[in-house]
Structures are given as C-alpha cells and as structure tokens.
Amino acid sequence: MDNNKITGSEALLRAFIAEGVDTIFGYPGGAILNAYDKLAGYGDKIRHILVRHEQGAIHAAQGYSRASGKTGVVIVTSGPGATNVITGVTDAMMDSTPVVVITGQVASSTLGTDAFQETDVLGLTTAITKWNYQIRRAEDVAWAVSRAFFIASTGRPGPVVLDFTRDAQMGLTSPDYQRCDFIRSYIPDPEPSETAIDEAVRLIDGAERPFVVYGHGILLSHAEKELEAFLDKGGIPAGTTMLGLSALPSDSKHLKGMLGMHGNIAPNVKTNECDVLIAVGMRFDDRVTGKISTYAKQAKIIHIDIDASELGKVVPVTVGIHGDARRVLRALTEKITRKEHTAWAESFSRCREIEDEKVIRPEIHPGQGCISMGEVVHAVSEATGGNAIVVTDVGQNQLIATRYSSFRQTRSLITSGGLGTMGFGLPAAIGAKIAEPDRQVCLFVGDGGLQMTIQELGTIMQEQAGVKIILLNNSWLGNVRQWQEMFFEKIYSQTRMFNPDYSKIAEGYGIGYRLVEKREDLRAAIGEMLSDDKPFLMEVRVLEELLVMPMIPPGKSINEIMLNGKEWFEYGK
C-alpha cells in the first residue's frame, strides 16, 4: 500500500471533518461496512448516532440541521437502507433542509445485475434532491463530497445524495481535500436587481395598507434581524407561515399571527385587504393561499425568493426579486421611507379579539370536561418561558402546538411542513437535542405519529438524549377524524386507534413516564418532566372529539373561516 494514499472510506471521513461535521446519524450494513470500519478510528472527532431505522436517521439529521443551522449528515447501507431514507429526503426537499446522505452501493462491476441489496439510488432520488451522484472511484470522493456540501447548504438549501460503491470505498486516493465554493452555472447568491428593488420601494412607500408575509426563508438566510429592521422602518404588520414561526419573537409588535388553514384569523383576513403584499422567503403553499382565484386580488404583490422558479409560479406578482432574503431586506430597508401605519396595524386587533373569545380562550382554559390539547401546549409553553425548541409530529398535535406555543428565540420550531410526514417528530426531536443539548426540546406528538417511529425510543435510551415527549393521546388519527366529521358525514373509516400501554414501553426503554388524566395533575406533571435533563414521556389523555379551529375549509377563500363546527367568522357584523 502506498503510504501517501488513503482509502475512499477514509477520504470520506476526512472530507466530513474538513466540512466541520461533528455528528452523523446512521445505520451500518454490508455495502457501507468499509466506511464504518474507518469510522471506528474517528470517534474523537465525529459522533455517530446509531438510530433504530434509517428513516429515523434522516429525520434526526433534519432536526439537527433545523436546530443548528448546519448541514445534517446521514450514512446508511444499500438497498433497503437507501430506500428507507427516501421519505426523509423528500421531506428535506420540500422544506429546504440541507442534508447530505451517503448510501452504500454494491461494487461497480455488479451494478445492473440485480446484485444482493442493489437499488438504483440515483433513479429513485433524482426528483427529490438538489443533486445526486454515484461515486465509483476513490479519487472522486473529495470532489463529490465538497460539491455535495456546497450545493446542499447554499442558495435554496436541500438534500444531496451520494451513492458510494464498495470498490470506491476500498480504492486508494490522495488525501488532498479542497472545499468547493464555485460551480459553473450554479449561482446560489444572485445579485438582486436594482430595478426590481427600486420598483418595490416605490410600491411600499406608496402603500396605505402594506402587509408582510414571511416564511422559512427568513431562518434559512439568517435574516431575522433584517426582517425586524425592515418592519420597524416601514411600520408594517406581518404574518408568518408555519415554518416561519420563531423568526420573530411571538410578542413582536409587528407579528399578527400565523397564516394558513388553521392559522390566526387576522393575518388571513387582512391578506385580502392589504394594498401591497410583500412575500419574503415563502412559496405561496396552498394551505396558505386557500382558493387561489380569490387570493389577494386587490394587492400589488412583491415576492422575494432565492429560488427564481417560485416567482410567479403560484400567484402572479407585480415585482419579483430573485435574491437572498437577508440581502434584499437590507437593500429595501436602506431605501424605503420611515413610516407608521398605525390605523392599519390596529385594525388587526378586532379579528384577534373575536378569535380570543370564540377559539383561543375556550381552548387553553376550558375549565371543565376533558383536557384539551391547547391547554397542554399552553401550559408547557408557559413552564418553559417560550424558550424551548418545539418539535411536532403531523396532525392535530402539530396544528395545536404551532398555534399555542410561544417563541422567544429563533430556530425554535421544527416540524414537517410541505410533505406532512407522520413519524417525523420523535427522530427530529432527537436530532434537535443532539444539536442543542443545553436547550429544552419538547416534542408534541399524537398516538398515531409516535407509533410510526416509536423504535427511536431506543436511540433516546442509548444516547440518553433528554427529549421531553408530550404524547397527546386521543386514541384517534385525529386530523383525519376531523375531516371525516366535517366533510365525510361522520363516517369514521379506519381512524380509531387502539394503543399500547405506554407506561410499560417507557419503562422498557428506561425513560421517565407520567400519565395525566385529570386537569388538576397537569402542571405538576409538567414540572416533573422539566425538572432535569433526562428523557421523559408525559402521556396526556385529551379530548377525543377535538376540532382544530379556526379553519379555512378546502376550496374556500382565506376570509371564509369557520370558528367552530357551526359558526363562521363574520368580520364587521
């Protein structure tokens, strides 16, 4: 062996270190064993988290990335190892989460022969990645890895998959490594058009009822301070998408609430009243726009996005600005005129008063009957002072957690947005806790979602990751049941859940546990859960017939809002 050469497997690990990687989520197998063999010698530099299923690895890497702002890293074997990460790769693509996934692969000489655990990983992942590549030679490892991290973390972030053949892992190559900072034809940080910025400034300065809607792009571009400065100078109220939550503190004077199907009334209604709508780092998802033919038709729309393909894709825009949110907001703030839109901003308050009376107070302070999900979330948020990282699964638990959690710090909400992946929550919470060990990580999860990736309790046990699991147990697939009640004549087809004894499951994994069935026990249980940094499962038996409200029914306009199962929002009447 040439003493100046290293194997492809070692080149991979050295590349990780050069890219600042200190944590990997993974699961070994035959086609990636050469890499795992070398990993054993890097334990002082790279922490490997052994998950219990490859889907857990990719969701944990997503949680790690979303909490830390770093690129998450996954390493799995070929065949089923690779196919088991597909859901998470798709989720990362939808939510613009930077992850690099290494999949093992059979030797190059056996590709295309249906060898044991061979899968066409490139074919499977082409549509759900920013880039994918098959490494067939050891000398290509450094080039591919440096390119992967550059692509995953820049521009509109997203997942990259590298399929690593066994012979490339075992072959020899030079130890040299050079980080990638340029790829011809790939422009991750485009120069915003001065003409477009000047036209946007003209519209903003001339607006009487300007409104900002912002999304995940604010967090991805680290533009939280720039957003606040822009809103301050322009005196402009704002609404956030679900994934934009925590970019501004919940008590920000500018923030009027969350947009969307189960968002707050005021920002939804006022979207159809503003005269200039400034959309920053959001993609006009159908859950935000409602019936598209009636969405903000009265407004001039300014859309700012790093992804040029989003401009005008869903909603026709007056001005499209292709650029990083941070750079564009700085440029706009410098040029707009300082204003106060006091009367316009105050007009949001009447909608909020109605929502407080009809929806919020009855949900978080029901006073009698079964415990509601909202009062649990509200109580946990109060107990943590709004400083916890809130992770959710998907369903009613997600909708309630995002509605009733408070956020004081950025990067404090981790949830599956675009794909809506049940089973996301538990492994994502593990990743978040690994990334931010000094912060409380509170997972809100339903009984359906928890059981989809419940095996990751084993990862919590092994790592002693101090995740606080709040199981909102209503013995139903709650969100599906809600739609069946409202739109399918109460035909509850296959949504009733029969659950295991979670106390025994928690005991088996060595995780603290408490069951809450009575309202008077709730706060004491939360106190016990938060008293130390050990993992804990608090199961709360909640109201089974919950309807998450308010709600914009599918196919309705964003100002056609149900307050409950019978009453509709009537503004100004």
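Which element gives the largest share of the lining of the second largest cavity? The answer is α17, which contributes four residues.

The model is predicted, so local features are reported at pLDDT of at least 70 and side-chain atom pairs only at pLDDT 80 or more, while totals for chains, interfaces and linings use all residues. Residues are numbered from 1 along each chain as its sequence is written, and side-chain values use heavy atoms, with hydrogens and water left out.

## Cavities

A cavity is a set of points, on a 1 Å grid over the protein atoms alone, where a 1.4 Å probe fits but cannot get out; lining residues have an atom within 4 Å of a point. Grid points are joined across faces, edges and corners, and a volume is the space filled by probe spheres set on the points. By this rule there are three cavities of 30 Å³ or more. In the classes used for linings, Ala, Val, Leu, Ile, Met, Phe, Trp, Tyr, Cys and Pro count as nonpolar, Asp, Glu, Lys and Arg as charged, and the others, Gly among them, as polar.

The second largest cavity has a lining made up of Val377, Val380, Ser381, Thr384, Gly386, Asn387, Ala388, Val390, Ser405, Ser406, Cys442 and Phe444. Two elements, α17 and β17 (441-446), each give two or more residues to this lining. Helices (H or I, at least four residues) and strands (E, at least two) are DSSP runs, numbered from the N terminus.

Around the largest cavity stand Arg66, His216, Leu219, Leu243, Ser246, Arg411, Ser412 and Leu413.

| Space | Volume | Lining by class |
|---|---|---|
| Largest cavity | about 60 Å³ | three nonpolar, three polar, two charged residues |
| Second largest cavity | about 50 Å³ | six nonpolar, six polar, no charged residues |
| Second largest pocket | about 550 Å³ | nine nonpolar, ten polar, six charged residues |

## The second largest pocket

A pocket is an open set of points with protein on both sides within 12 Å along at least five of seven lines. Two or more lining residues come from each of β11 (255-258), α16 (348-364), α17 (373-384) and α18 (396-404). The greatest contribution, five residues, is that of α16.

Burial is stated by relative accessible area: under 20% is buried, over 50% exposed, and in between partly exposed (1.4 Å probe, protein chains only). Strand β7 (residues 159-165) is mostly covered, with seven of its seven residues buried. One side presents Pro159, Val161, Asp163 and Thr165, the other Val160, Leu162 and Phe164, and these residues are all buried.

Two strands pair if DSSP finds at least two bridges between them. Strand β7 pairs in the parallel sense with β5 over seven bridges; within this pairing, Val100 stands opposite Val160. Strand β6 (residues 131-135) runs parallel to β7 and is joined to it by five bridges. Asn132 faces Val161 in β7, and Gln134 stands opposite Asp163. Strand β6 is largely enclosed by the rest of the structure, because four of its five residues are buried.

Together with helix α7 (residues 141-153), strands β6 and β7 form a right-handed β-α-β unit. Right-handed here means that, with the strands pointing away from the viewer, the path from the first strand over the helix to the second runs clockwise.

## Ser65 in helix α3

Ser65 belongs to helix α3 (residues 54-68). Ser65 is buried, its relative accessible area being 3%. Contact means heavy atoms within 4.5 Å. Apart from neighbours within four places in sequence, Ser65 is in contact with Lys70, Thr71, Gly72, Thr97, Pro98 and Arg411. Arg411 is also one of the residues lining the largest cavity.

## Backbone exceptions

Most residues other than glycine have a negative phi, and most peptide bonds are trans. Gln117, in the loop between β5 (99-105) and α6 (121-125), has a positive phi of about 60 degrees. Gln117 is partly exposed, at 27% relative accessibility. Glu489 likewise has a positive phi, near 55 degrees, and lies in the loop between α22 (478-487) and α23 (502-508). Glu489 is exposed, with a relative accessible area of 71%.

The peptide bond from Met549 to Pro550 is cis, with omega near 0 degrees. Pro550 is placed in the segment after β20 (536-541).
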